[in-house]
Amino acid sequence: MPTKEIIQHIGTLLDLAGVVVIAVGVAVATVVFGLRWWRTRQVVDHYRAYRQGVGRAILLGLEFLVGGDIIRTVAVSPTFTSVGVLALIVLVRTFLSFSLEVELDGRWPWQGKGPVGGSSVGARSAR
């Protein structure tokens, strides 16, 4: 089997892994949300945890999908067009990652792990 075919199959497997991670992660988060709701009958109490679970599944799945794209683009068909498409894919994935990070943690990724004290993300503190 030629090397390019092996690399193509590896990229396809990573794509499949990304889709499976997203699907299973969303399903697990949904089941956990349903069980929590069933016990307490409170949607609001568990909604944030549900969104965080779904967001984490999407982030991890995106990592696999981008990995597959990188492998195929760099190893199989390194043309200027394919590298440009890869750059756009990575740009979109980076934007999604930042957006999901802010959504999940309520802070920018480069901010410390400490709690955000009552201010919204991006808000400047009064001096």
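**View 1. Helix H3 in the predicted model, residues 80-105**. Helix H3 has 26 residues, helices being DSSP runs of H or I with at least four residues, numbered from the N terminus. From its first C-alpha to its last, H3 reaches 37 Å, close to the 38 Å expected at 1.5 Å a residue; the expected span is 1.5 Å times one less than the number of residues. After H3 comes Gly 106, whose phi is positive, near 70°.

This is a predicted model, in which local features need pLDDT of at least 70, side-chain atom pairs count only at pLDDT 80 or more, and totals for chains, interfaces and linings use all residues. Residues are numbered from 1 along each chain as its sequence is written, and side-chain values use heavy atoms, with hydrogens and water left out.

**View 2. Buried residues of H3**. Ser 82, Leu 86, Arg 93, Ser 97, Leu 100, Val 102 and Leu 104 are buried in H3 (buried is under 20% relative accessible area, exposed over 50%, partly exposed in between, with a 1.4 Å probe and protein chains only). Helix H2, residues 43-76, is included in what covers these buried residues.

**View 3. Arg 56 in helix H2**. Arg 56 has a relative accessible area of 46% and is therefore partly exposed. Between Arg 56 and Ile 22 there are 8.7 Å in space, C-alpha to C-alpha, and the two are 34 residues apart in sequence.

**View 4. Arg 41 in the loop between H1 and H2**. Helix H1 covers residues 3-40. Arg 41 is not a glycine, yet its phi is positive, about 60°. Most residues other than glycine have a negative phi. Arg 41 counts as partly exposed because its relative accessibility is 44%.

Key
Helices (H or I, at least four residues) and strands (E, at least two) are DSSP runs, numbered from the N terminus. Contact means heavy atoms within 4.5 Å.
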